[in-house]
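I opened this model to look up its sheet, its loops and its aromatic side chains. My entries follow in the order in which I checked things.

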Amino acid sequence: MPEIQVRQRFALPPEGVWAVLVAFERYPEWVGSYESVEFLGEALEGVGARWRQTRTVFGRSHSQEMEVMGWEAPRELVLVATESGGRYETRYQFEAVEGGTEVVTTFSVAATNPIAWVFVQTIGGRMLRSTGAAMAADLAELAAVASG
């Protein structure tokens, strides 16, 4: 399963960083690529919380449904999206460091059908690099929000 990892330092303890990263409904205010977040169901947090996010990706508006699959405050958060023959997982791990928290984000993709498998094998590396750059930009914007 191809994956990429991005690291970002925050000038807050893990609990403070957690509070920023799980405020999904605020992302359109805080992260430039987000257009909207709409919760799908009653749960706004914890395992099982689901939402549809719309954001600008490669210059185009794109919506996808996200679901929380792991929630261990303030240590680990796991989000999953399944679409277009792929299962996309984003894992955030929070590590206390001197002066704040380092968030280690791992994004991975697994094909769920043969056509998607060919896609992942042929251009998956390029997709991961561009996704990694977008993740780094998002985390930098969230770190700026967290620092006040």
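**Ground rules.** I am working from a predicted model, in which local features need pLDDT of at least 70 and side-chain atom pairs count only at pLDDT 80 or more, while totals for chains, interfaces and linings use all residues. I number residues from 1 along each chain as its sequence is written, and side-chain values use heavy atoms, with hydrogens and water left out.

**Sheet.** I took helices (H or I, at least four residues) and strands (E, at least two) as DSSP runs, numbered from the N terminus. Two strands pair if DSSP finds at least two bridges between them. I found seven strands in an open, antiparallel sheet, ordered 1-7-6-5-4-3-2. Strand 1 (3-10) and strand 2 (34-39) are the edges; each has a single partner strand, so one side of each lacks a neighbour in the sheet. I then looked at strand 1 and strand 7 (residues 100-111), which pair in the antiparallel sense over eight bridges. Gln5 has Thr106 in strand 7 as its bridge partner.

**Loops.** I checked the loop between strand 4 and strand 5, where Pro74 is found. The peptide bond joining Ala73 and Pro74 is cis, with omega about -15 degrees. In the loop between strand 3 (50-57) and strand 4 I found Phe58. Phe58 is not a glycine, yet its phi is positive, near 50 degrees. Its relative accessible area is 67%, so I list Phe58 as exposed (buried means under 20%, exposed over 50%, partly exposed in between, with a 1.4 Å probe and protein chains only).

**Core.** A nonpolar core is a set of buried Ala, Val, Leu, Ile, Met, Phe, Trp, Tyr and Cys residues joined through side-chain atoms within 4.5 Å. The largest one has 34 residues, and Phe10, Leu21, Phe24 and Leu77 have the most contacts inside it. Helix 3 (residues 114-146) gives the most to this core, with six residues.

**Aromatic pairs.** I counted rings of Phe, Tyr and Trp (its six-membered ring) as paired if their centres lie within 6.5 Å, with planes under 30 degrees apart stacked, over 60 edge-to-face and the rest tilted. The whole structure has seven such pairs.
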